[in-house]
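Open the model in your viewer and keep the selection panel at hand. The stops below say what to select next and what is there.

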Amino acid sequence: MIPLQISAFAAFTWSYIPSMRIALLTNEFPPHIYGGAGVHIDHLSRELSKLCEVKVFCFGEQSVTEGPLQVQGIPLTSPVQALDKRHEGAYNAMNRNIAMSAAMEGFDLVHCHTWYSHFAGILARTAHRIPLVLTTHSLEPSRPWKAEQLGQGGYNLSCWIEGTAYKTADGILAVSQGMSHDVQRFYGVEPSRVGIVHNGIQLAECRTEADPEHLTSLGIDPARPFVLFVGRITRQKGIHHFLRAARHLDPNAQIVLAASAPDTKQMEDEVEEAVKYLQLTRSGVVWIQQAVDRARLASLYAGAAVFVCPSVYEPFGITNLEAMGSCTPVVASAVGGIPEIIVEGETGHLVAFPPVSETDPEPQSPEMFARDLALRINALLKDPAKAARMGKAARERVEAKFSWDAIARQTLSFYEEVIARHRAETTH
């Protein structure tokens with residue numbers, strides 16, 4: 001591939017633009033981001049666009065051109081209506097996917113993120129004979145609670161779409177070693193078609209000291225230490241375990257939850273009830289229910305004494321990196337890809353729990369798990385010097401291993417392998 005010549009003015013934005021054209025398909029893209037997959041696609045697309053031509057197709061009305069990066073939102077023009085309203089999410093995702101697949105002409109490879117876009121990838125591979133790559137952010141068989149959000153019929157559809165895509169794809173990018181094992185176990189994917197590329201963060205967006213005004217604007221007392229949870233209100237993120245653990249935390253510490261986007265009204269009601277209970281029994285309980293802008297989120301991470309990630313299922317866990325990049329130690333459940341991020345005793349603590357079964361990832365003893373979380377958190381609250389050392393080590397680990405520039409280059413290399421293999425297979 002011969003690099004294109006670019007002006008000196010443009011050179012600071014991207015290095016070169018080979019002829020490879022990549023289509024990235026996703027549900028989430030700014031300004032509509034509610035989870036780790038959305039953060040991933042945002043940063044990956046911007047870094048990849050410095051290396052090749054990239055066009056993002058997403059759910060929404062976006063229309064953006066930034067150098068070689070283009071973003072095209074796919075609106076929902078004719079919504080499907082179902083008797084069970086929960087089923088509409090899956091049907092309308094397929095609706096948008098058809099429009100996405102029709103736009104895949106001329107691309108060298110299509111790369112899909114989450115099951116919401118997988119149907120489009122299947123159609124594009126079939127109609128346009130281009131290779132299909134999937135990034136394994138999560139897997140539906142490990143998230144049976146999604147039936148609460150999508151309805152059983154919608155969840156059946158999401159599982160079928162995902163399973164068909166993994167059996168069809170030319171290449172799989174797993175965000176952790178754990179996810180690589182899971183995709184082979186659940187869908188029988190050949191190990192030779194799976195690559196591992198971790199998630200990352202933009203360290204330039206991290207603060208190492210909080211802005212007190214940002215904290216005050218969110219209802220937090222900058223003079224008191226606080227324990228932070230950031231995540232969606234979903235069973236996967238284990239917010240109910242954190243709220244149970246919070247009952248045992250040092251009363252001098254504040255409890256801060258940046259938690260929004262509930263999967264269901266029931267989940268939201270459960271969290272509201274638990275937060276009200278905490279507020280009756282201790283001071284300094286802050287629930288931030290609206291989405292937080294990046295500047296104030298950076299201050300939240302930097303200002304926290306301890307960040308907590310009590311997920312029951314976590315393929316990777318970008319929030320852990322965001323906290324670590326802010327020099328904040330992390331206490332997290334030892335599930336999925338989290339042990340590949342946190343070094344026990346050096347950058348934070350891992351809390352183990354055996355799941356009830358493969359189909360029920362909840363801990364066998366929720367109360368014991370909550371007390372173990374609280375024990376680790378309290379130990380760091382009582383030893384600020386140790387917490388600071390762990391925070392410094394956490395930042396150094398992120399700097400060394402989890403930059404988006406390196407991730408984009410690894411991803412591009414994987415594309416080249418997949419395209420070469422696809423051409424060899426289709427010419428024989």
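Is E205 buried, partly exposed or exposed? Select E205: with a relative accessible area of 38%, E205 is partly exposed. Keep in mind during the tour that this is a predicted model.

**Stop 1: the partner of E205**

The side chains of E205 and R294 form a salt bridge, with 3.3 Å from N to O. E205 sits in the loop between β8 (194–196) and α6 (212–217), while R294 belongs to helix α9 (residues 294–303), so this pair ties together parts that are 89 residues apart in sequence. R294 is partly exposed, and its relative accessible area is 49%.

Side chains of opposite charge can pair when their charged atoms come close.

**Stop 2: the whole chain**

Turn the view along the principal axes: the C-alpha trace spans about 65 × 55 × 40 Å.

Switch to a surface. The protein chain exposes about 18,000 Å², and carbon and sulfur atoms supply 53% of that area. Of the 428 residues, 55% are buried.

How many of the contacts between residues at least 6 apart in sequence join residues at least 24 apart? In the protein chain the share is 67%.

**Stop 3: charges**

Colour the charged residues. A search of the whole structure finds 25 salt bridges. Two of them come next.

Select R125 and D170. Their side chains meet in a salt bridge at 2.8 Å, N to O. R125 is found in helix α3 (residues 115–128) and D170 in the loop between α4 (146–168) and β7 (171–174), so the pair ties together parts that are 45 residues apart in sequence. D170 counts as buried because its relative accessible area is 2%, under the 20% cut-off. R125, at 26% relative accessibility, counts as partly exposed.

Move on to E88 and K85. A salt bridge joins their side chains, at 3.3 Å from N to O. Which relative accessibility does each residue have? E88 has 16% and counts as buried, whereas K85 has 54% and counts as exposed.

**Stop 4: a buried residue in a strand**

Select V330, which is placed in strand β13 (residues 330–333). The relative accessibility of V330 is 0%, so V330 counts as buried.

What is V330 in contact with, leaving aside its neighbours within four places in sequence? Show the side chains of F307, N320, A323, M324, I342, T347, G348 and H349: V330 is in contact with these residues.

Definitions and conventions:
Residues numbered from 1 in each chain as written. Predicted model: local features only at pLDDT ≥ 70, side-chain atom pairs only at ≥ 80, totals over all residues. Heavy atoms only, no water. Buried < 20%, exposed > 50% of the residue type's maximum accessible area, 1.4 Å probe, protein only. Contact = heavy atoms within 4.5 Å. Areas by Shrake-Rupley, 256 points an atom, 1.4 Å probe, with all protein chains shown as cover. Salt bridge = Lys/Arg side-chain N within 4 Å of Asp/Glu carboxyl O. Helix = DSSP H or I, 4+ residues; strand = E, 2+ residues; numbered from the N terminus.
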